[in-house]
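Hi everyone, thanks for coming. Have the sequence and the 3D view open, and let's walk through this one together.

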Amino acid sequence: PKTLAVSVFEGDSDAPRDEVSARKWASLGIENDRIFYLPKKNNWWGPAGVIGPCGPDTEIFIVRDMDNCSHSCSPACNCGKYVEIWNNVFMEYNKLIDGKYVPLSQKNVDTGMGLERTVAMLNGNESVYETDVFKPAVDLLSAKFSNLTKANIRAIRVIADHMRTAVFMLGDEKAISPSNTDQGYILRRLIRRALRFARQSDIGSSVLIEVAQTFITVYSDIYTELEANKKRVITEIEKEVSKFETTLQQGLKEFTKLLNYIQNNKISGKAAFRLYDTFGFPVEMTQELAKDNGVDIDMESYANCFLEHQQKSQTGAEQKFKGGLADAGLETAKLHTATHLLLASLKKVLNDTNIRQNGSNITAERLRFDFNFPRPLTQDELSAVEKNVNTAISDGIEVVCEEMSLSDAKLAGATGVFESKYHETVKVYTIPGYSKEICGGPHAKNTKELVSFQIIKEQSSSSGIRRIKAIIKGTGQN
């Protein structure tokens with residue numbers, strides 16, 4: 001307790017002062033002059049987006065042995081005396097689109113320890129960027145500068161932090177790719193923000209690849225998948241850098257235009273959303289540019305635009321989770337079964353077990369199947385995929401359905417997507433020798449019901465995502 005300080009929420013019109021946490025800390029030996037009451041800016045978490053779950057938090061700091069910068073110095077100060085190592089977020093509220101906070105029906109405590117910050121303090125480092133896992137990348141980046149100014153140090157830290165996260169997301173077995181939705185959007189935002197700092201610092205975009213390779217080297221002894229997927233990690237970063245070079249130029253040009261039409265020193269939310277939706281420009285980047293130019297963004301209007309976009313995306317996600325099924329009819333069930341065979345065949349022909357479903361839409365006439373892959377398929381590859389599916393059909397294989405726990409399904413080797421949507425008991429559909437997937441159905445009882453399978457089109461769906469349209473005998477074509 002003698003080396004620690006804590007902060008708690010001071011309270012406002014949205015939520016009361018957190019006396020409960022303050023009393024608990026005092027009972028554990030924290031002196032009263034080391035218990036700080038701070039506002040939302042310091043002791044409130046969330047929501048992760050514009051709306052959603054959030055609440056007050058209490059934070060724990062190591063107090064460094066240094067003079068106060070002033071009499072009022074506290075964990076809210078950036079002088080470096082207080083280094084946060086842990087926090088507990090009390091998820092008690094839901095923020096609505098109108099800005100109101102209402103109590104959550106289900107409350108919980110979200111706790112997170114800053115392991116690397118704790119290691120840094122125990123080692124006597126000034127920050128996590130001096131620890132063993134960051135130092136090689138930081139040294140590489142530092143060597144690019146002739147003078148380490150405060151702005152340059154910030155750029156080094158942003159690039160190192162963002163690229164480490166990007167390396168792990170790209171190197172993960174689930175093979176996330178940069179995109180405009182879901183986890184892919186987070187990944188894209190990280191890479192693009194790192195690229196922006198590299199460009200601003202005049203150290204070149206290729207440094208992102210160098211930093212990525214450094215992190216693969218640092219971590220691959222333990223996280224062996226990083227070395228195994230090294231080629232994919234580097235290729236995806238190169239593609240995103242190349243793509244964003246163009247996007248950034250367009251976005252910066254559009255932002256400059258916006259500055260000529262601002263009213264009351266504020267950019268409209270609609271204009272800010274257009275930069276995101278049309279040019280792939282994250283609002284966080286627009287906010288940074290606005291701050292640099294001394295203007296604000298109408299975030300309430302932006303939130304309304306984003307919410308409308310989010311609702312459309314949610315509708316699409318729900319359709320995707322249903323398997324994209326238009327109905328539960330016989331022909332749709334056959335085409336649904338064909339998607340299982342198609343996914344298995346893609347993995348086999350392309351020799352890539354990381355290929356996964358990224359969405360589908362199935363009607364009684366045709367199937368549309370999206371999957372992650374970095375390039376168009378050749379005609380030979382498409383023919384091989386088609387042949388492999390038709391071999392399974394002609395073999396007349398029984399489609400086996402079993403119900404089991406999610407953990408047992410994983411142990412049995414079943415694959416699937418949208419795990420957060422699964423119940424504890426799931427259905428596993430097996431086509432022996434080809435496919436074993438967690439799925440909600442409906443399916444054909446035997447592969448011979450499909451008669452024959454034909455791919456009618458293969459094309460790009462989005463960055464890193466390909467789309468196949470196919471039919472089976474006796475169905476129409478779309």
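This is a predicted model: local features need pLDDT of at least 70, side-chain atom pairs count only at pLDDT 80 or more; totals for chains, interfaces and linings use all residues.

Okay, let's start with an open sheet of 3 strands, ordered E11-E12-E13 and paired in antiparallel fashion. Strand E11 (400–405) and E13 are the edge strands, and each of them pairs on one side only. From one strand to the next, the twist averages 25°. Some wording before I go on: helices (H or I, at least four residues) and strands (E, at least two) are DSSP runs, numbered from the N terminus. Two strands pair if DSSP finds at least two bridges between them. And in general, strands of a sheet pair through backbone hydrogen bonds, either parallel or antiparallel.

Residues are numbered from 1 along each chain as its sequence is written, and side-chain values use heavy atoms, with hydrogens and water left out.

Back to the sheet. How many bridges join E11 to strand E12? There are 6, and E12 covers residues 425–431, running antiparallel to E11. If you want a pair to click on, cysteine 401 sits opposite tyrosine 429 in E12.

Now the other sheet. This one is open too, with 4 strands in the order E9-E10-E15-E14 and antiparallel pairing. Strand E9 (357–362) and strand E14 (453–462) are at the edges with a single partner strand each, so one side of each has no neighbour in the sheet. The twist here averages 20° from one strand to the next. E9 is joined to strand E10 (residues 367–372) by 5 bridges, and the two run antiparallel. Across that pairing, isoleucine 362 faces leucine 367 in E10.

Next, which helix lies across E9, E10, E14 and strand E15 (465–472)? That's H13, residues 330–349, which runs at about 25° to E10. For angles like this, axes are lines fitted to C-alpha atoms, for helices over the stretch in contact, and angles run from 0 to 180 degrees between N-to-C directions. Contact means heavy atoms within 4.5 Å.

Let's move to helix H10, residues 269–279. Its buried residues are Gly269, Ala271, Ala272, Phe273, Leu275, Tyr276 and Phe279. Buried means under 20% relative accessible area, exposed is over 50%, and partly exposed is in between (1.4 Å probe, protein chains only).

Just after H10 comes glycine 280, with a positive phi of about 70°. Where is it? Glycine 280 is in the loop between H10 and helix H11 (283–292). At 15% relative accessibility, glycine 280 counts as buried. Leaving aside neighbours within four places in sequence, glycine 280 is in contact with Arg192, Thr247 and Leu275. Arginine 192 is 88 residues away along the chain, yet the two C-alpha atoms are separated by 9.8 Å.

Not counting residues up to four places away in sequence, glycine 251 touches Leu275 and Phe281. Buried or exposed? Glycine 251 is buried, at 0% relative accessibility.

Look at asparagine 264 now: its phi is positive, about 55°, although it is not a glycine. Asparagine 264 belongs to the loop between helix H9 (230–258) and strand E7 (266–267), and at 78% relative accessibility it counts as exposed.

Valine 451 also has a positive phi, near 65°, in a residue other than glycine. You'll find valine 451 in the loop between strand E13 (435–438) and E14, and at 47% relative accessibility valine 451 is partly exposed.

Last one: what kind of peptide bond joins glycine 46 and proline 47? A cis one, with omega about 0°. Proline 47 lies in the loop between strand E3 (44–45) and strand E4 (52–63).
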